[in-house]
Amino acid sequence: MTQQSLLDDYDLYDQYVDVVSAFEWLFTGTIELTPTVRHFERYPRITTPDGTVVTPDFTVLFHDGTGLVGEVAKIALHENSVDKVCDQIGKYAQLAHLPSDSRGGTAPVTDLDVLQLVPAEVGLSAVNRIIKERYLNPDHAYAPPKPPVIAQFSRSIFRDDFRYTFQRIPDPDNGTLPVSEDPATIGLLLTTDSNVPARKFKDVKARRKFMNDPIKPLYLATHLWTSTWPTEYGSETADIEVKPADIANTLRKQYGVGRAAEVKAALELLAQAGLAADNGDGTWVVSRKTLRLRGERDIHRVIAIKAGRRDSPIVTPRHRRPKSPPETEQGSLF
């Protein structure tokens, strides 16, 4: 991947983590909504009635037995992108149970809403293409019991900090969420411009770090470099040897998510940047030297630049010793 594509992936994933973190804070850390919530699940994994496993970006089970499924996505211009989103959220609309606790329990839902969150630049287009062109088309395969609720989000700088603004697209064909002031509902908040400063959800993000989508290689490589390895190996600068499966296990224990394949992809990116090397036996050697690059202070940008230009490696793989040749039996003289 090019330097810019790596940075674009990082920024998009980081924004999505922010959005999920903001909603987790809204549902679990505010006096308005928290009393209505039985369980918020950040990493849901649910089986639909037809046996399909779905992994929305978050779910909310309310005390009154209703539920909400949230999905964050940027819809591309091509039709296949919209059809994939519709197929995905169409499966969510079939769910009869949602996570009810952090131990894997579930509970039935009496009424379910699907909230599709999209960047503001595609908000109106999402309503047109998902609801008007597909949901309202009697000949289209996308036919959930009721329309999804499409809300847009944007990020802006406010008083030396950034904030996210969320709003349901005010179109009569768009889905609706329950609107009530007592108790307060997310539907009420989304009928106006709801602004959530980053400082409100920073503790949630620090504690959770990731979202339910596959972790982008640069995002994970940066986290490993700046957080996991300093915690696991201290501040020493000597090279370390790691196993993707062990790192993934550490991530799951700390944050509830992490796969060996994602760790391997992050290590491959670090190898592309000259900062890691594959030993060829399931282990990797990783540099712990301080990353410096003139004009750049952000570690993720330094890694992206080095990977984009494929810097020469500063670590070498540990090659396994060749096996000793088998002893040859002495032949008989007669």
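Predicted model: local features only at pLDDT ≥ 70, side-chain atom pairs only at ≥ 80, totals over all residues.
In helix α3 (123-135), the residues G123, A126, V127, R129, I130, I131 and R134 are buried, where buried stands for a relative accessible area under 20%, exposed for one over 50%, and partly exposed for values in between, with a 1.4 Å probe and protein chains only. These buried residues of α3 pack against helix α2 (79-92) and against strands β8 and β9; contact here means heavy atoms within 4.5 Å, and the helices (H or I, at least four residues) and strands (E, at least two) are DSSP runs numbered from the N terminus. Residues are numbered from 1 along each chain as its sequence is written, and side-chain values use heavy atoms, with hydrogens and water left out.

The loop that lies between α3 and β9 (149-158) contains H140, a residue that is partly exposed, with a relative accessible area of 26%. When neighbours within four places in sequence are set aside, H140 is in contact with D83 and R134, and R134 is itself one of the buried residues of α3. Leaving aside its neighbours within four places in sequence, V109 is in contact with L61, G65, T66, G67, L95, A96, H97 and L98. The C-alpha atoms of V109 and D64 are 9.0 Å apart in space, although the two residues are 45 residues apart in sequence.

For the protein chain as a whole, 9 helices and 14 strands are found, and the C-alpha atoms fill a box of roughly 95 × 60 × 40 Å, taken along the principal axes. Of the 334 residues in the chain, 48% are buried. Among contacts with a separation of 6 or more, 67% are accounted for by residues 24 or more positions apart.

Aromatic side chains form 16 pairs in the structure, a pair being two rings of Phe, Tyr or Trp (its six-membered ring) with centres within 6.5 Å, counted as stacked if the planes are under 30 degrees apart, as edge-to-face if over 60 and as tilted for the rest. The pair of F23 and F166 is edge-to-face, because the ring centres are 4.9 Å apart and the planes stand at 70 degrees. This pair links distant parts of the chain, with F23 in helix α1 (residues 3-28) and F166 in strand β10 (residues 161-168), 143 residues apart. Both partners are buried, F23 with a relative accessible area of 0% and F166 with one of 1%. Y164 and F201 form a further aromatic pair, which is tilted, with 6.2 Å from centre to centre and 55 degrees between the planes. Since Y164 lies in strand β10 and F201 in helix α5 (residues 198-208), the pair ties together parts that are 37 residues apart in sequence; Y164 and F201 are both buried.

Two packed helices are described by the angle between their axes and the distance between the axes. The axes of helix α7 (residues 244-255) and helix α8 (residues 260-272) come within 8 Å and cross at roughly 115 degrees, the axes being lines fitted to C-alpha atoms over the stretch in contact and the angles running from 0 to 180 degrees between N-to-C directions. At this contact, P244, A245, I247, A248 and L251 in α7 meet A260, V263, K264 and L267 in α8. The residues involved divide into 8 nonpolar, no polar and 1 charged, with Ala, Val, Leu, Ile, Met, Phe, Trp, Tyr, Cys and Pro counted as nonpolar, Asp, Glu, Lys and Arg as charged, and the others, Gly among them, as polar.

Some backbone features were also noted. A cis peptide bond, with omega of about 0 degrees, joins D182 and P183, and P183 lies in the loop between β10 and α4 (186-190). K209, although not a glycine, has a positive phi of about 70 degrees; K209 is found in the loop between α5 and α6 (217-233) and is partly exposed, with a relative accessible area of 24%.
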